[in-house]
Amino acid sequence: MKKLVFTLMVLAPLGAFCQQPLKLWYQQPAKRWTQALPIGNGRLGAMIFGHISDELIQLNESSLWSGGPVKGGMNPGSPAYLPQLREAIFAGDYQKAITLSKKMQGHFSEGYLPLGDLRIHQDLGGGKPAHYYRDLNISDAVATTRFTAVGVTYTRSMFSSAPGRVMVLKITASKPGMLSLKVSAGTPLKNSKSILSSNVLLIKGQAPGHVDPVYHNVNTHPVSYEDSLTKGMRYVWMNKVLHKGGTLTADTSGISIKNADEVTILISAATSFNGFDKSPVTEGKDEMAHATKALNAAAASSYNALLAAHLADYHRYFNRVSLNINGKDTVNLPTGERLLAYTEGKKDPGLEALFFQYGRYLLISSSRPGGPAANLQGIWNNEMRPPWSSNYTTNINAQMNYWPAEVTNLGELHQPLLKLIADLSVTGKRTAKEFYDLNGWVVHHNSDIWAMSNPVGDGSGDPMWANWAMGGDWLCRHLWDHYLFTKDESFLKEKAYPLMKGAVEFTLGWLVKDKDGYWVTAPSGSPENAFKDEQGREGTIALGSTMDMSIIRDLFAHFIEASEKLNKDNALRDTVIARQAKILPFHTGKKGNLVEWYKDWEETDPHHRHVSHLYGLYPGEQISPLTTPDLAAAARKTLELRGDEGTGWSKAWKINFWARLLDGNHAYLILCGLLHLTGEEGTNYAQGGGTYANLMDAHPPFQIDGNFGATAGIAEMLLQSQSGEVFLLPALPEAWHSGVVKGLKARGNFTVDMDWNAGKLIRSTITSITGGTCRVRSNVPLKTGATVSRKDGNSYLLSFSTEKGKIYLLQSNTH
């Protein structure tokens, strides 16, 4: 087949639209945490308030959690209850099923902790501040605060450097000798303070051995420092203050600077965390050595060198993707006011593009290779007992964090989650045996940095969430997707396949046959909803929920394909193929909806935030308007019945659902609802799911998954590749009449740029990273060289062979 290959020079006009301004900016300091601005390098995070004379910068270190490695033997009697539980389920005694499920629970997860607060008290000479401005430039990952007092302009610039392994804060004044301030630090953790080398404020201590979830209030001491001989990691936090001009004095209350020209603060921190299976007390890293080494290296570099290294590292990720919608961004409002105007109906495609890129910024800032996975709040948390322990919630939230990783060209940042999955397979194997006497590995609803995998609750957790056992199977989708996006066969063979196989082994043992001979899960729930059966009895634990069946169907299909590709485990593959053929199928209910439960039962909450039974639509690929139109119609009806409201992350999931249904206008409607100002006390926008003034997602409270889910959803509106085809602009809303997107990734390891106008694709360039056949679907006819697309239903298909590293130009063929 003849193909047309173009050079980058030929393709340059595709970037005719310049990148829209990518700053969050404000004209007043933050009054609350959800107005502060986040920076991070994947390990060290900060929330910058931008206060004038008493600056507050709240800090985190991503490995600082309570607890220690998970111990076995927490519920040795659990397997004996499984036959009783199944008997109750098949008898329709759903209340007894709840009671028995609680007997099969273990300990709660540990919690993610704050490092502390850095405070800067600045003497402004008694003048009234003016010309206040603060921003977060997400193009450079640098935050700035600037104001004027008594004729002097003060500027603070801060970034968190991954290559430097420190955070850097530079404070300047427009006139010499005008910087007089005191730097102090405090932490809610047990600590001791000291001064090193006259200009380093050192805080060190130990984290709690356990912190109860904020919703579990049965213990007198929910924050416990007991068992400190094996649990409770050590931490160290160092603040080094450098100055030009003036004088410096220091004691444990802080470091004081008088009449300086310039001040630079270097912040280094580390913990003794040394892996999920090692005691941070007896087998921990030398946190002092790690923090000191990073601090000394940073102090030996100039500020400009630290900044240059930070920018080069950050741009390497961020600059891969650009998005322009509807031409030049003409809105010049502070971000809080801009979000308010949008909430009240003002069209603002520039804000939508900013929100898309903000999700990428947050992922770059909270998830880096070699570090922990981004948790429920990324790496930003200011509470000892944060909402839901700021842990890994694996019935949607942990997975949603990484939905944008591959498609928005940040595949390396997927690595921390993939590493967590490998860790979970180790503890999950013990959990499968201890709790169910089954082979393979399993993960339930909650996890943490220690890769906890057991059902939580200690006998008090609601089984609708606590006992859900499909976390590991769902997480395996991330292994398969990483392979599809990268075509990295060594990853598939050495890492992904063995983990998928272990999950399959557990699932084969977990499934049982129903009265009609179908394989189902029992117990089974549909996170986190409840049902009313035919007699009006409420329940949460039954059998064969649509979500369970969809996840298992997903896992089995991917395992079969991987096994065939690697030519491994033929006998096991045959077993899985036979089992897959008799998995309980989808059912359409009396309302035309996709049935959520084993039977067409009513939900107790018909507008529930979870839409778990649509897993097969997204992130799965089992439901599509193109290949399963009847199921797609049932999914659409389900979404109509559920409604468009919900928590922040729920709305983000719905953007992806509607994009997969190829309804760009409805996906856009949900996006508009997500970009709804909330959390502003004393206004009409104090409550409800949406977006805080700092553009962080509101459940409420803050959960970062909504940011990541929205970024993934916008990408899904522009590009889809779940069905072995690269679908260009599959769900473009009418509101986005023109635009340019560059750098998105499609499965098959293709990089895609697109240019559209009047709602139609004009052209696209596809870079083939690894070679192979590229099948392209579009809503307009296309051509590449002499190859022309063919009509396929309501869209067009174009198929052509590609060579590794080559770039292909596809143009509209409407004339």
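This is a predicted model: local features need pLDDT of at least 70, side-chain atom pairs count only at pLDDT 80 or more; totals for chains, interfaces and linings use all residues.
A residue is termed buried when its relative accessible area is under 20%, exposed when over 50% and partly exposed in between (1.4 Å probe, protein chains only). Residues are numbered from 1 along each chain as its sequence is written, and side-chain values use heavy atoms, with hydrogens and water left out.

Across the whole structure, 36 salt bridges are found, a salt bridge being a side-chain nitrogen of Lys or Arg within 4 Å of a carboxyl oxygen of Asp or Glu. One of them joins the side chains of R642 and E596, with an N to O distance of 3.3 Å; R642 belongs to helix α16 and E596 to the loop between α15 (570–581) and β26 (602–603), 46 residues apart, where helices (H or I, at least four residues) and strands (E, at least two) are DSSP runs numbered from the N terminus. R642 is buried at a relative accessible area of 2%, and E596 is likewise buried, at 3%.

A salt bridge is also formed by R660 and E716, whose closest N and O atoms are 2.7 Å apart. Because R660 lies in helix α17 and E716 in helix α19 (residues 705–718), this pair ties together parts 56 residues apart in sequence. Relative accessibility is 3% for R660, which counts as buried, and 6% for E716, also buried. Finally, salt bridges that share partners join R477, D481, D554, E621 and R747 into one network.
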